[in-house]
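Reader: I have a structure open on my screen and would like to learn how to read it. Could you take me through it feature by feature?

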Amino acid sequence: MTTTPSHETGSALAGRLQNTFIPRLSNLHVVAVLIALLLFGLLVVPVTQVIFVAFQDPATGAATLQNFADFFATSLFRESFWNSFYVSAMSVVVATVIALPLAYITTRFNFSGSILIQSLGFIPLIMPPFVGAVAMQLIFGRNGTINLLLRDHVGISIPFMDGLNGVILVQSIHYFPFILINLSASLRNIDRSMEEAAQSLGSYGLRLFQRIVFPLAMPGYIAGAALVFIKVFDDLGTPLLLNVNNMLAPQAFLRISSIGISDPMGYVISCILVVFSILSLWASFLVMRGKDYATVQKGGGGMAKRDLKPAEKTLAYGVVIFILLVVLSPHIGLLLLSFGTIWSFAPLPDGYTVENYLTMWEGSKTFIFNTVLYAGIAATLDVIIGTAIAYIVIRTGIVGRKWLDYLATAALAVPGVVLGIGYLRTFHGVDVPFTDESLASWWVIIALALMIRRLPYALRACTAALQQVSLALEEAAESLGATKRRTIQKIVVPLMTGGILAGFVTSFATAAVELSATIMLVSSNNDAPLAYGIYLFMQTPSGRGAGAALGIVAVIVVAIGTVASQIIIERDKKLKESGD
Amino acid sequence: MAKAGIKIENVHLSFGKTKVLKGVDLEIRPGEFFAFLGPSGSGKSTLLRAIAGFGPTPKGRILIGERDVVGLNPWSRNVGMVFQSYALWPHMSVRDNVAFGLRERRVPTADAKRRVSEVLDLVGLAHLAERMPNQLSGGQQQRIALARTIIVEPEVLLLDEPLSNLDAGLRVQMRRELLRLQRQLGLTTIFVTHDQEEANTTSDRMAVLDGGVIQQVGSPQELYDRPANLFVANFLGTANILKGKVEIDGDEMRFVTETGDTLGLPSVIGSGTNVVLRPQNITIQQTESKDTFQGEILHREFLGSQIRYLVRAAGAEIVVDQSHVPEHSWFENGATVHLRANTTGAVLL
């Protein structure tokens, strides 16, 4: 064919080129452009807007650094800045103290409590931290269960929940699973021969851990720790509920909600939040770069586990049960609070009732309906866009496709407060067609904000799902005459279903309890979702019982979601394995 | 470098309820290149790991030199092990990987540095000292793993399927290199493999394992020529096994198969009701003569230097290899032929 291509083969080739390349790419091109526009409008523009305003003179609109100078000249803001930094760093430390023993025990020993840790250890994540905060006050607060008992029997009290301590405790209890998950995964991914090689060369015990095991697990630890740091740094709900206002995110919220969207301080704070998010992501990226230490080989089974001696077993159970009790205290407290009559200055509620649930049901039907609506829309859009981006990035050669991925993932670095402020600023002047309402206060914008916030997670799920679909499966369909479009419909998407569903469920469950962005965007109580409802209930002592009941509903929603997505992933894995 | 022999006495080992080693006795001489050969699940790797000190503690005795190492921790044994996956630590440079064992032994820095350079020269990779393991090819990783192990001058070198992650060409090259190094250092070496060619080409002696039991120990040639049982006969090379019995008629000894075909037996090794015939010791001819038996060609494969026929004869399907001669005509499938077995030194089992 290279010597003298005849007319026929030449034109056939041209025809084939046209048939395959042009329609195939043009459809996907359109999709790519649409997604890019969407991300641009809902992510890039609002965030850029926020950064712009931070550098603008509020009166003249001229570029200036004055706002930052004002920020650092105000002692409240300086204090808030250091408080946020201190709380985040300390939360990482406390979360590490909780996660390290759990990760080590489950991965190194044949420990029957491992299942307990693996299931119960993740429970904190299924509760929004601010929900647990109130319950934690009742257990660990100055007049909470623990301190009342300590005062009566030992005569001391410990300020677990006073001021910043409270935020640190609530956040580290809530976010330690990020470190646990990542650290356990890297520990499990260390092939046992890594350790055995060192042992046969004379290394053991602490030195072995220090020189081989810990360095190999380091990337996982850093990833988890960076995530905890950002999450705590950005979080608005917990400090707000604990009434700790001298931190950055609450200050941003209070400035915007009390002074208005023209006050530059909210934007300066947003800028700082974004910079810190990016810095910690970048730092963890630098540490991780070129360090894929997953060393498990074919047939290798992770690190060698050994049996515990009876005394060690007792100690291990003691440590694990103690940690789990602390970790589950918000849930226990919330449950007690939701069924309690009055709980004040007493170790336990005075009596028990289902009254709170009835009150909650009366007062929060709209909240629940709104939540299902918003989270449903957000999660549906997330998996559609996620699948499309995953396909475009992995399977096509569209120019700039990587940028779609980067852009969608960049949402990770945008704190909810910042996105909320950005939307307010960008859309407050834009009217929804056919109504007088501003786009910024229209309920749909809440769903869209949730969609952008959860997109990175859905995208990861979809990408992982697509990577598991071998290209050969697609090529087989195409060689049997299926067009690109039919192949995607009939082969790719069905094979990705498990991953997509898991992504949907996770996005839904976490969007359902998101507070940071929504609290900025809710314009009337009728538009409020569940998380906002809990926040409202918790504002008054008499509403706490009903708020707790609503919190329990939130926990159940997220729990069902998490379990469902796990089941889907497991079933999918089995299906794929049997197909091999 | 201290050469140590290894003595394994009545070693039993179980994973939970599964018995993996069922009474292993073995003696490996100082400086010997010894292979453990067996199919997967035969217990060969488990035995190797037991010598290194990994896995459950076995019952019985394992003597390295004069010392019983059963129950000792791996780090107190002075046994060097090269892993199938090489197990180079990805967070350390080649130099740090190689120097690791010396550091654990608190060898002074200057001395350690010199020994690292020496050993890297020995494996021919001194120029890669500053690389990270993921920047090395499979063969290079293999050599570094070897360097990391021999630098601590272990009494015994254990190699767990060291060539299985390399591609075919490199495998041949590496096994020669391994042998060269082993001879140069004079290290007592045990090599685990499921590949008989690897074991044959490298080892002084080998042990064939199956079902947690040593089937036979000897030089590769001994094992091939005088298999102790049907498993060894079948596992090493291709064997045709014919059932029947030996008949003695005056000076003449014959083997009469169950189908009544007879083979002359000028000399035999062993006794039993099976005769082992290697494919290259049988010839195919068109005409019948004394001591031939009749068969039918079932299948033919051209292997280059040889043509391999599958012939149905004497109640069995017999593999016969004939040297390939250009222009020589082949026997066609379905053809009736006569087989003559060269039974000099044939083994009865």
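This is a predicted model: local features need pLDDT of at least 70, side-chain atom pairs count only at pLDDT 80 or more; totals for chains, interfaces and linings use all residues.

Reader: Let me step back to chain B as a whole. How many helices and strands does chain B have?

Author: Chain B has eight helices and 21 strands. Its C-alpha atoms fill a box of roughly 80 × 50 × 35 Å along the principal axes. Of the 349 residues in chain B, 41% are buried. As for contacts in chain B between residues at least 6 apart in sequence, 65% join residues at least 24 apart.

Reader: How should I think about strands in a sheet?

Author: Here is the general idea: strands of a sheet pair through backbone hydrogen bonds, either parallel or antiparallel. For a case, look at strand β1 (residues 6-15) of chain B, which is joined by five bridges to strand β4 (residues 59-64) of chain B, and the two run antiparallel. In that pair, B:Ile8 has B:Ile62 of β4(B) as its bridge partner.

Reader: Which strand pairs with β4(B) over two bridges?

Author: That is strand β5 (residues 67-68) of chain B, in the antiparallel sense. B:Leu63 stands opposite B:Asp68 in β5(B). The hairpin of β4(B) and β5(B) has two residues between the strands, and B:Gly65 takes a positive phi near 65° in this hairpin.

Reader: What is the strand order in the open sheet of six strands in chain B?

Author: The order is β13-β12-β11-β15-β21-β14 (chain B), and the pairing is mixed. β13 (262-264) and β14 (268-269) of chain B stand at the edges with a single partner strand each, so one side of each is left without a neighbour in the sheet. Elsewhere in the order, two bridges join strand β15 (residues 274-277) of chain B to strand β21 (residues 346-348) of chain B, and these run antiparallel. There, B:Val276 stands opposite B:Val347 in β21(B).

Reader: How is chain B divided into domains?

Author: Domain 1 covers 6-234 and domain 2 covers 238-348 of chain B. Their C-alpha centres lie 40 Å apart. Where these domains of chain B touch, domain 1 gives six residues and domain 2 gives seven residues. On the domain 1 side, helix α8 (residues 230-235) of chain B brings the largest share, three residues. By class, that side of domain 1 of chain B has three nonpolar, one polar and two charged residues.

Reader: Now the interface between the chains, please.

Author: In general, the size of an interface is often given as the accessible area lost when the parts come together. Here we can look at residues in contact: 20 residues from chain A and 19 residues from chain B. On the chain A side, α8 (192-200) and α9 (205-234) of chain A each supply at least two residues. The largest share of that side, seven residues, belongs to α8(A). The chain A side divides into nine nonpolar, eight polar and three charged residues.

Reader: At what angle do α9(A) and helix α12 (residues 264-288) of chain A pack?

Author: The angle is about 180°, and the axes are 9 Å apart. That makes α9(A) roughly antiparallel to α12(A), because angles over 145 degrees count as such. The α9(A) side of the contact includes A:Ile222, A:Phe229 and A:Phe233, and the α12(A) residues that α9(A) meets include A:Leu273, A:Phe276 and A:Val287. By class, the contact of α9(A) with α12(A) has 13 nonpolar, three polar and one charged residues.

Technical notes: Residues are numbered from 1 along each chain as its sequence is written. Chains are lettered from A and ligands numbered from 1 in the order in which they are written. Two strands pair if DSSP finds at least two bridges between them. Helices (H or I, at least four residues) and strands (E, at least two) are DSSP runs, numbered from the N terminus. Domain bounds come from an automatic or database domain assignment. Two residues are in contact if their C-beta atoms, placed from the backbone, lie within 7 Å. Ala, Val, Leu, Ile, Met, Phe, Trp, Tyr, Cys and Pro count as nonpolar, Asp, Glu, Lys and Arg as charged, and the others, Gly among them, as polar. Axes are lines fitted to C-alpha atoms, for helices over the stretch in contact, and angles run from 0 to 180 degrees between N-to-C directions. Angles under 35 degrees count as roughly parallel, over 145 as roughly antiparallel, 65 to 115 as roughly perpendicular and the rest as oblique. A residue is buried if 20 or more other C-beta atoms lie within 10 Å of its own, exposed if 12 or fewer, and partly exposed in between; C-beta atoms are placed from the backbone.
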